[in-house]
Amino acid sequence: MGSASEVVAHLRNSFKSGKTLPIEFRIKQLQNLHKMYNEKQDDIVAALHSDLRKCKIESILMEIDMLINDIKNSLQNIYRWARKEYVSKDLANVLDAPYIQRDPYGVVLAIGSWNYPLQLVMLPVQGAIAAGNCVVIKPSEVSEATAKLLTEIIPQYLDQDCYRVYNGGIPETTALLKEKFDYIFYTGNSAVGKIIHEAATKHLTPTTLELGGKSPCYIDKSADLKYSVRRIIWGKCANVGQTCVAPDFILCTKEIQDRFIQVAKTVITEFFGTNPKDSPDYGRIVSDRHFQRILELMKGGKIAFGGDHDASEKYISPTIIIDANENDAILKEEIFGPLLPIVNITDAYDAINYINARDKPLALYIFSKNKKDVDLIMKNTSSGSVCVNDTIMQLTVDTLPFGGVGASGMGGYHGKFSFDTFSHKKSVLYKDLGILGEYLSAPRYPPYTIGKMRYLQFMLAKRHKFFGTGTNYFIAFLTGALSYYLWSIYGIKFIQMN
Ligand code: NAD
């Protein structure tokens with residue numbers, strides 16, 4: 001594997017050589033990754049099963065297909081995303097070309113988390129490759145089987161001079177963080193997020209932090225409970241609640257709570273049978289540490305449904321909890337497991353107060369048919385994303401940026417946003433060096449006069465959009481002609497041409 005400094009130095013030399021700059025090279029690497037996901041699908045599914053007992057359907061839909069679709073999207077759009085973006089200009093620059101050029105940052109570090117061990121490390125990697133960077137890929141050591149598989153297969157498909165898997169736990173990641181990267185993309189908990197941010201600050205390295213927290217789920221009395229409960233239970237039980245945007249807890253009135261529990265019992269049985277432990281579609285907790293942590297959380301409040309567990313399998317059944325105290329850990333810490341506490345509130349205003357008294361969530365779910373209430377909550381709260389009348393599904397829309405705000409993270413990605421995240425937006429003003437350009441802009445030169453100032457104010461003034469390029473040219477021509485006229489007839493010299 002080489003030491004952290006050797007790996008980074010190697011990639012930096014490759015980046016300096018310009019190898020990753022041609023779009024064709026990036027396309028080839030993305031195509032190779034696509035091939036890898038197809039050819040190694042069985043191995044990937046087996047590794048995810050070993051790490052999380054993740055079922056095949058969830059592995060394909062929520063990890064592999066998400067990556068493949070992201071590659072397809074990049075391949076379809078990469079030339080468009082990478083090309084110069086010409087921007088509007090003022091009269092003063094009418095003959096010139098201002099544009100944004102997207103440059104790769106250089107050598108970037110992508111640190112993944114264990115809950116979607118393939119998707120969460122490879123999705124940012126794909127964005128970084130598309131944008132032309134060299135990448136150090138750091139999978140989570142907690143999902144050991146997937147990390148091992150990636151170490152084996154990535155070198156078979158990606159150029160080793162530009163993309164390297166670097167494995168390990170805290171010591172290895174700490175060593176990596178001592179190196180100077182040009183961008184760091186981290187997914188994981190916020191305590192480590194702070195460590196990453198601090199390490200990045202030492203080198204003034206920009207970062208994206210994809211963190212977690214408690215994502216509330218508000219249910220209004222107008223919501224259709226039959227469908228709402230299915231969508232909430234699905235969101236809570238996918239990957240056994242080990243999803244950063246899983247609904248963490250319910251906010252509803254006491255009356256809705258009673259109905260919710262009745263419907264949830266039926267839905268859970270419908271999804272996983274009478275004993276979810278036997279269901280091939282119900283996963284397991286990733287590690288003994290997390291299993292014990294979730295059991296501790298279960299001690300807060302009263303179990304209204306579920307509560308079964310088996311340490312030998314790291315199994316915890318879908319569990320609904322009521323009457324938890326505000327100081328119980330289950331209402332303070334991110335659950336990241338199949339426990340669903342219900343917090344009673346009186347109305348939408350009460351829900352808003354509850355949400356705003358805590359850290360800004362990664363996701364906020366609102367189940368309601370009442371548009372006014374939805375708007376009220378939306379306008380008065382801040383969260384990474386909002387999904388109305390469903391859970392998790394906002395992630396399937398890759399034209400929406402995905403990321404947190406405040407304690408739930410900074411920056412975003414998915415689709416074109418990934419490309420932009422890993423690109424420096426370089427401002428370019430390409431000036432005309434001809435006589436007309438010089439003539440139009442020469443009044444900026446000293447010695448200054450009030451006449452020159454008025455001229456420049458006119459040229460730089462912000463105008464309405466309806467001054468399109470043609471109109472700008474026309475006005476520039478008129479201005480030039482007028483100033484020449486004033487100059488030649490009355491000797492009013494705006495311009496000093498020697
Ligand atoms: P984790 O234990 O896999 O840690 C994440 C990464 O941080 C790993 O690669 C690990 O090696 C590294 N790491 C751990 N300790 C470190 C240290 N002291 N110094 C440097 N690096 C270190 O995953 P986790 O943190 O348990 O993940 C769960 C959390 O991540 C939850 O809070 C969840 O909400 C959040 N999450 C967020 C997203 C998102 O997209 N916003 C996605 C998944 C998970």
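I began with Asp-103, which lies in strand β2. Strands here are DSSP runs of E with at least two residues, helices are H or I runs of at least four, and both are numbered from the N terminus. This is a predicted model, in which local features need pLDDT of at least 70 and side-chain atom pairs count only at pLDDT 80 or more, while totals for chains, interfaces and linings use all residues. Residues are numbered from 1 along each chain as its sequence is written, and side-chain values use heavy atoms, with hydrogens and water left out.

Is Asp-103 buried or exposed? Asp-103 is buried, at 17% relative accessible area. I take buried as under 20% relative accessible area, exposed as over 50%, and partly exposed as in between, with a 1.4 Å probe and protein chains only. The side chain of Asp-103 makes a polar contact of 3.1 Å with that of Gln-101. A polar contact is a pair of N or O atoms within 3.5 Å; within protein, one must be able to donate a hydrogen and the other to accept it, and residues adjacent in sequence count only if both atoms are side-chain atoms.

Next I looked up the sheet around β2. It is open, has 3 strands in the order β1-β2-β18, and pairs antiparallel. β1 (85–86) and β18 (423–430) are at the edges with a single partner strand each, so one side of each has no neighbour in the sheet. Two strands pair if DSSP finds at least two bridges between them. β1 and β2 (residues 97–104) are joined over 2 bridges. Glu-85 has Ile-100 of β2 as its bridge partner.

**Other strands**

I then turned to an open sheet of 6 strands. Its order is β5-β4-β3-β6-β7-β17, with mixed pairing. Val-108 stands opposite Tyr-183 of β6.

I also checked β15 (residues 363–367), which pairs with β16 in the parallel sense over 4 bridges. Leu-364 is opposite Val-386 in β16. Which face of β16 (residues 385–388) is covered? Ser-385 and Cys-387 form the covered face, and Val-386 and Val-388 the uncovered one. Side chains in a regular strand alternate between the two faces of the sheet.

Thr-319 sits in β13 (residues 319–322). Thr-319 is buried, at 1% relative accessibility.

**The ligand**

Which residues come nearest to the ligand? Of the 27 residues around the ligand, they are Ser-140, Glu-141, Asn-189, Leu-211 and Glu-334. A residue is near a molecule or strand if one of its heavy atoms lies within 4 Å of it.

An N or O atom in the side chain of Ser-140 is at 2.5 Å. A polar side-chain atom of Asn-189 is at 2.6 Å. For Lys-138, the distance from a polar side-chain atom is 2.9 Å. The protein covers 94% of the 850 Å² of accessible area that the ligand has on its own. Accessible areas come from the Shrake-Rupley method with a 1.4 Å probe; for residues, only the protein chains shown count as cover.

The shell takes at least two residues from each of α7 (170–178), β6 (183–187) and α8 (190–202). Domain 1 (4–211 + 416–424) and domain 2 (216–400) each give at least three. These bounds come from an automatic or database domain assignment. By type, the shell has 14 nonpolar, 9 polar and 4 charged residues. Nonpolar means Ala, Val, Leu, Ile, Met, Phe, Trp, Tyr, Cys and Pro; charged means Asp, Glu, Lys and Arg; the others, Gly among them, are polar.

**Backbone notes**

Most residues other than glycine have a negative phi, and most peptide bonds are trans. I noted Val-240, with a positive phi of about 55°. Val-240 lies in the loop between α9 (225–237) and β9 (249–252) and is buried, at 0% relative accessible area.

Lys-314 also has a positive phi, near 55°. The loop from β11 (309–310) to β12 (315–316) holds Lys-314. Lys-314 is partly exposed, at 25%.

The peptide bond from Pro-446 to Pro-447 is cis, with omega near 0°. Pro-447 is in the loop between α15 (435–441) and α16 (450–460).

**Whole chain**

Last, I looked up the totals. The protein chain has 17 helices and 18 strands. Buried residues make up 53% of its 498 residues. The C-alpha trace spans about 95 × 55 × 35 Å along its principal axes.
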